[in-house]
Each structure stands twice: as structure tokens, then as C-alpha cells.
Amino acid sequence: MTSDEWASTPFPSYTEAQETEITRRSPVADVIGEHTSIHRLEDGAYRGACPFCNRPDTLEVFPETGRWRCSNCLETGDVMIFINKFLGLWRADAYKFLADRAGLNFEVGA
Ligand SMILES: [Zn+2]
């Protein structure tokens, strides 16, 4: 691919329906548990090591709301924000990462 072709290639993005399906297939505790050590608590939430400040027991993950937060460094977000912060992937790339992880073979922009 020449640089001209690269520049004229539209930035790929998934449709809203594809993004919804990708998010549905990416449970927050499953995805985070693949990147840092967390364990399930009695109330259904998870606790474990925060990969952002490296404290062993400050990350909390809430499957019911799909959100996570760290009580030490105060980083917080949903599964997309975790992938963005942890892997440095922005929107389309983060969705692509999660789609591949979930085994979804969506064509971008189809
Ligand atoms: Zn932290």
C-alpha cells in the first residue's frame, strides 16, 4: 500500500449493532481477568491486582454494571476503557481486539 492509498483509506469502524454485539460478548470480568489476576467475591463483584498502579488488591470489577475502578489510583471505566488504557487501543482497534477475542468475524464497516 502506498502512502497515498493509506491516506485515502477511510478509518474503519463497526456498525452500532456490531459494537453492541461485541460488547455483549465481552463480559468485563472475563476480559479483565485475562489481563490481571482477579477473584470473585461473595457479592458477585471481583477484586484483584490493578494493572495501572500495580497494587495487589485495589481493583474492583462489577459484572452487573459492566464497570471497574481502582480504589488506589482511581482509574475507572467500562470494558472498552480498560482495553483502551491497558493495551493502548483506540475505538475501532479496541472493538477489533474484543471481536477477535469473542470469535466474532465481523467485517469492519459492512
Ligand atoms: Zn490502580
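Predicted model: local features only at pLDDT ≥ 70, side-chain atom pairs only at ≥ 80, totals over all residues.

Residues are numbered from 1 along each chain as its sequence is written.

Back to asparagine 54, which has a positive phi of about 65° although it is not a glycine. Where is it? Asparagine 54 sits in the loop between β2 and β3 (59-62). Strands here are DSSP runs of E, at least two residues, and helices are runs of H or I, at least four, numbered from the N terminus.

Leucine 74 is another non-glycine with a positive phi of about 65°. It belongs to the hairpin of β4 and β5, with 5 residues between the strands. Leucine 74 is exposed too, with 10 other C-beta atoms within 10 Å.

And the hairpin of β3 and β4? How many residues are between those strands? There are 4, and glycine 66 in that turn has a positive phi of about 75°.

Now the sheet. We've got 5 strands in an open sheet, ordered β1-β2-β3-β4-β5, with antiparallel pairing; pairing means DSSP finds at least two bridges between two strands. β1 (38-40) and β5 (76-78) are at the edges with a single partner strand each, so one side of each has no neighbour in the sheet. On average, neighbouring strands are turned by 20° against each other, direction ignored. Axes are lines fitted to C-alpha atoms, for helices over the stretch in contact, and angles run from 0 to 180 degrees between N-to-C directions.

Then there's helix α4 (residues 79-87), which packs on the sheet and touches β4 (67-70) and β5, its direction making about 115° with that of β5. Contact means C-beta atoms, placed from the backbone, within 7 Å.

Last, the bridges. β1 and β2 (residues 46-48) are joined by 3, and arginine 40 has tyrosine 46 as its bridge partner in β2. Between β3 and β4 there are 4, with valine 61 partnered by tryptophan 68.

Terms used:
Contact = placed C-beta atoms within 7 Å. Buried ≥ 20, exposed ≤ 12 C-beta atoms within 10 Å, placed from the backbone.
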